[in-house]
Amino acid sequence: MKRLFTIPVIASVLFLGGCIPSIGPEEDEVIQENEDIEQETVLIPEVQLNEQYYRTLLPFKKSASRGLIVNQVYSKYDIGEVEEGLLRLSSKKFDPKDHFFQEGQFIDEKTAIRWLSRSSKFDEGLNPPINDKMTPQDISEKAPVYLAHIVEQNYYVKTGDKKVGLAGISIGLAMNSVFYQRDATESKISDKMIQQQGIKMAETIVKRMRKIEGVGDVPIMIGLYKQEPRSSIVPGTYFATTVVDKGKDSPSGWKEVNEDFVLLPATSNDNNYRDANLTFEKLKEDVNDYFPGFVSIVGTAFYSDNNLKSLKINVPIQFYGKNEVVALTQYMTSLVLKYYPDIEVEVSITSNNGPESLIMKKPGEKEPTVHIYSY
């Protein structure tokens, strides 16, 4: 028998897991329908922060496999980007204007553990088998751990008055670029092998997903993500994606994803980043002219299809007082408007005491959002 669960309703603003206070009393509760499983009453937030953010069904449900990511993904930068990047890719298939987000609910923790294991441990394991006769070198060459983590995201649409139904699923496969063994040895995995293994595993996962209760015949989008080594201070990126159409159980073809994160100032002589590097160096020089000693300013630039899309700048300072923070924040704001009028920019000014100020600017925005903490 199907049950209905009713919850108190408030209008709130929500960006994935984070929320800000309610802005109105209006109610919009709907019944969430999933094929062959129980129905329940959920809330659709009234406000969407902007067109690129999904509204999230409430109450918020964590993915059953969420806790695994900390143990499987080496870098804190990859932990964030493997989820955020999948959201970015999903928005091209599942429009945030009329789709609602929920963390993955179909791949439970037990299933995820088995899929991420070696096939010599569990029959369902997607990583290659090993045996006692294999040396560490044999394992590195023939059976490294390719798949580090599986991210699932669910997307819903309104199916009628006061009802929402599952409209699609996105799956992100975080692939290792370096295999680390217990004896501290490490071996690089080639891009070709990462791609081959990722495509093979994706095809298997789609077939398995179709057999999970509640998934039905909805479209399934798959993204292949290449993790950076442990020592990297920039995240990896998705490098390929495919959509398995409604009712199908295998991809019809793969599309290259051209995204990249670059640390500025860049040490590479790659001409693709030359202009961004020169501009960033000018910004650093301007800061040092008026605030000497800020030599460790660094930026993380995000490129999509070889175009600079956004930039995050970190400015660490020795804290001498709020007046210094205010002066530097004002000056950095003017430099952001001067050098980066057409891209998204975030500047974090920090000291040993923690965050001091934050500057956020959208493309073409003449008045960035500026916040000075404890002022």
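1. Helices here are DSSP runs of H or I with at least four residues, numbered from the N terminus. Helix α6 (residues 274-290) contains L278. L278 is partly exposed, at a relative accessible area of 41%; buried means under 20%, exposed over 50%, and partly exposed in between, with a 1.4 Å probe and protein chains only.

2. Residues are numbered from 1 along each chain as its sequence is written, and side-chain values use heavy atoms, with hydrogens and water left out.

3. The chain has a mean pLDDT (the predictor's confidence in each residue, from 0 to 100) of 87, and 88% of its residues reach 70 or more. Over residues 1-27 the pLDDT is below 50, yet this stretch has 54 contacts in the model beyond near neighbours in sequence; a contact means heavy atoms within 4.5 Å. Where pLDDT is low, the predicted coordinates should not be read in detail.

4. Helix α3 spans residues 109-116, and A112, W115 and L116 are buried in it. These residues are on the same side of α3, because they cover an arc of only 95° around the axis. The arc is taken from the directions from the helix axis to the C-beta atoms.

Conventions: Predicted model: local features only at pLDDT ≥ 70, side-chain atom pairs only at ≥ 80, totals over all residues. Helix = DSSP H or I, 4+ residues; strand = E, 2+ residues; numbered from the N terminus.
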